[in-house]
Amino acid sequence: NPYFLIRRGLFKGIAKYSAELKGHLLDFGCGRKPYRALFHVDQYIGIDIEESGHPHERSEVDVFYDGTTIPFEDGHFDAVFSSEVFEHVFELDDVLTELHRVLKPKGKILFTAPFAWHEHEQPYDYARYTSFAWPHLLKKHGFEVIEATKSTGFVETVIQMWIAYWVELIMKKPILKVLLSPILVAPFTFLALVLQWILPSNKEYYHNLIILAEKREQ
């Protein structure tokens, strides 16, 4: 898979914290619920917005919302999960306020957000936030960061971006994918996995941030 490096980092990061989420869980911007199997909760509700940068034919949305008000009462959920969604939200302050509202006190939120990735689901791609910005944004809206993890390091990120360039700009035709994948995808992916162990570790350039936070007591 040409996106093995970025997806591996995301999966490992989400799996690391998934057991922290219990009870009634809201998957905000759920799409196809790709990480559903990682959570062992009493109830798993997926919510999404109808007008987005991707079609919903294969989505597993339980509830659609209007982009303004999440249709649940205050303190309804024990936990919130959201993966690769917040970069598509222009009014992020409003969304964080709503998620805080529907979450119980001491409830946990687990989310992922990209740092190094090209514009996607255009034109609904609005922002990138650093690992220093997120704690301030969350504190502003009544959350406290428990722990944060960067999904990849410098080497993996650079090589993954190189692979993405070839796949999305050069290898568009099926015949080119067949011919070039064995040369450009698999070898470079393997190279990244080897070099991350050999070269000095540096995570100042990374693909995604995975954050576990808690709603503070009022």
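**Helix, histidine, strand**

Modeller: Helix H1 covers residues 4-17, and at 1.5 Å a residue its 14 residues should span 20 Å; the end C-alpha atoms are 20 Å apart, so the two agree. Keep in mind that this is a predicted model.

Colleague: Which residues are buried in H1?

Modeller: Leu5, Ile6, Gly9, Leu10, Gly13, Ile14 and Tyr17. Looking down the axis of H1, the buried residues fall within an arc of 155°, so they line one face of the helix.

Colleague: And what do the buried residues of H1 pack against?

Modeller: Strands S4 (77-83), S5 (103-114), S6 (143-150) and S7 (208-215), plus helices H4 (154-170), H6 (186-198).

Colleague: Switching topic. Where is histidine 76 found?

Modeller: In the loop between strand S3 (63-65) and S4. The side chain of histidine 76 makes a polar contact of 2.7 Å with that of glutamate 73.

Colleague: What is histidine 76 in contact with, leaving aside neighbours within four places in sequence?

Modeller: His24, Val102 and Lys104.

Colleague: Back to S7, then. How many of its residues are buried?

Modeller: 8 of 8. Asn208, Ile210, Leu212 and Glu214 point one way from S7, while Leu209, Ile211, Ala213 and Lys215 point the other way.

Colleague: In which sense do S5 and S7 pair?

Modeller: Antiparallel, over 7 bridges. Threonine 112 has isoleucine 210 of S7 as its bridge partner.

Colleague: What about S6 and S7, over how many bridges do they pair?

Modeller: 7, in the antiparallel sense. There, lysine 150 stands opposite leucine 209 of S7.

Note on methods:
Residues are numbered from 1 along each chain as its sequence is written. This is a predicted model: local features need pLDDT of at least 70, side-chain atom pairs count only at pLDDT 80 or more; totals for chains, interfaces and linings use all residues. Side-chain values use heavy atoms; hydrogens and water are left out. Helices (H or I, at least four residues) and strands (E, at least two) are DSSP runs, numbered from the N terminus. The expected span of a helix is 1.5 Å times one less than its number of residues. Buried means under 20% relative accessible area, exposed over 50%, partly exposed in between (1.4 Å probe, protein chains only). The arc is that of the directions from the helix axis to the C-beta atoms. Contact means heavy atoms within 4.5 Å. A polar contact is a pair of N or O atoms within 3.5 Å; within protein, one must be able to donate a hydrogen and the other to accept it, and residues adjacent in sequence count only if both atoms are side-chain atoms. Two strands pair if DSSP finds at least two bridges between them.
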